[in-house]
Amino acid sequence: MNSIHYQYQVDSTDFTRAGEASSKLKQKLKQMNLPPDIIRRCAIAIYEGEINMVIHANGGVIDIDIFPDRILMVLKDVGPGIPDIDQAMQEGFSTANDEVNSLGFGAGMGLPNMKRSSDEIHIDTELGVGTTVTMRINF
């Protein structure tokens, strides 16, 4: 089955550009006349992942494939990895530092919001190697 593919680079620690990928995706999905709820869920999922890449990793790459019945989003970084996925999925848990918190980020809602916005989420992480988050939204 053919898909439309988009790729976004996420720069490390660049909060001024954080959110660009989710904004661009939202525009593209609107142009495709997808339902507003699907657009909102995709934008939230990608934004949260993008912010996590800036805060916790060394940036990364977001690959998005839009199929006739679903959107597949793969976020891959080369950061430190997630030591405890169950703990990281708890609302309010964060390892963000004071500087990140002073900028208004790091509330510990990233992964929970990604899960809530997706129909399926899979997290593959290895300490010292990086993390790949795969999310699927059906329509």
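1. Strand β2 (residues 60-66) and strand β3 (residues 70-77) run antiparallel and are joined by seven bridges, and the two form a hairpin with three residues between them. Within this pairing the bridge partner of I64 is M73 in β3, while V61 stands opposite K76. Strands and helices here are DSSP runs numbered from the N terminus, a strand being E with at least two residues and a helix H or I with at least four; two strands pair if DSSP finds at least two bridges between them.

2. The model is a predicted one, in which local features need pLDDT of at least 70 and side-chain atom pairs count only at pLDDT 80 or more, whereas totals for chains, interfaces and linings use all residues. Residues are numbered from 1 along each chain as its sequence is written, and side-chain values use heavy atoms, with hydrogens and water left out.

3. On its other pairing, β2 is joined to β1 by seven bridges, again with the strands antiparallel, and here the bridge partner of Y8 is I62 in β2. Strand β2 is largely enclosed by the rest of the structure, because five of its seven residues are buried, where buried means under 20% relative accessible area, exposed over 50% and partly exposed in between, with a 1.4 Å probe and protein chains only.

4. These strands belong to an open sheet of five, in the order β1-β2-β3-β5-β4, with antiparallel pairing. Its edge strands are β1 (4-10) and β4, each of which pairs on one side only. Neighbouring strands of the sheet are turned against each other by 10 degrees on average, direction ignored.

5. Helix α1 (residues 20-31) lies across β1, β2 and β3, and runs at about 160 degrees to β1. For such angles, axes are lines fitted to C-alpha atoms, for helices over the stretch in contact, and the angles run from 0 to 180 degrees between N-to-C directions. In the loop between α1 and α2 lies N33, whose phi is near 60 degrees, a positive value in a residue other than glycine. N33 counts as exposed because its relative accessibility is 69%.

6. Helix α5 (residues 110-117) is mostly covered, with six of its eight residues buried, namely G110, L111, P112, N113, M114 and S117. What covers these buried residues includes α2 (36-56), α3 (85-88), β4 (120-126) and β5 (130-138).

7. The axes of α2 and α5 come within 8 Å and cross at roughly 155 degrees, and the two helices are therefore roughly antiparallel to each other, a description that applies to angles over 145 degrees. In their contact (heavy atoms within 4.5 Å), R41, I44, A45, E48, G49 and N52 of α2 meet G110, L111, N113, M114 and S117 of α5. By class, this contact has four nonpolar, five polar and two charged residues; Ala, Val, Leu, Ile, Met, Phe, Trp, Tyr, Cys and Pro count as nonpolar, Asp, Glu, Lys and Arg as charged, and the others, Gly among them, as polar.

8. A last point concerns I55, which has its place in helix α2 and is buried, with a relative accessible area of 17%. Leaving aside neighbours within four places in sequence, I55 is in contact with F15, A96, V100, F105 and G106. The C-alpha atoms of I55 and R70 are separated by 28 Å, although these residues are 15 residues apart along the chain.

How values were computed: Parallel < 35°, antiparallel > 145°, perpendicular 65-115°, else oblique.
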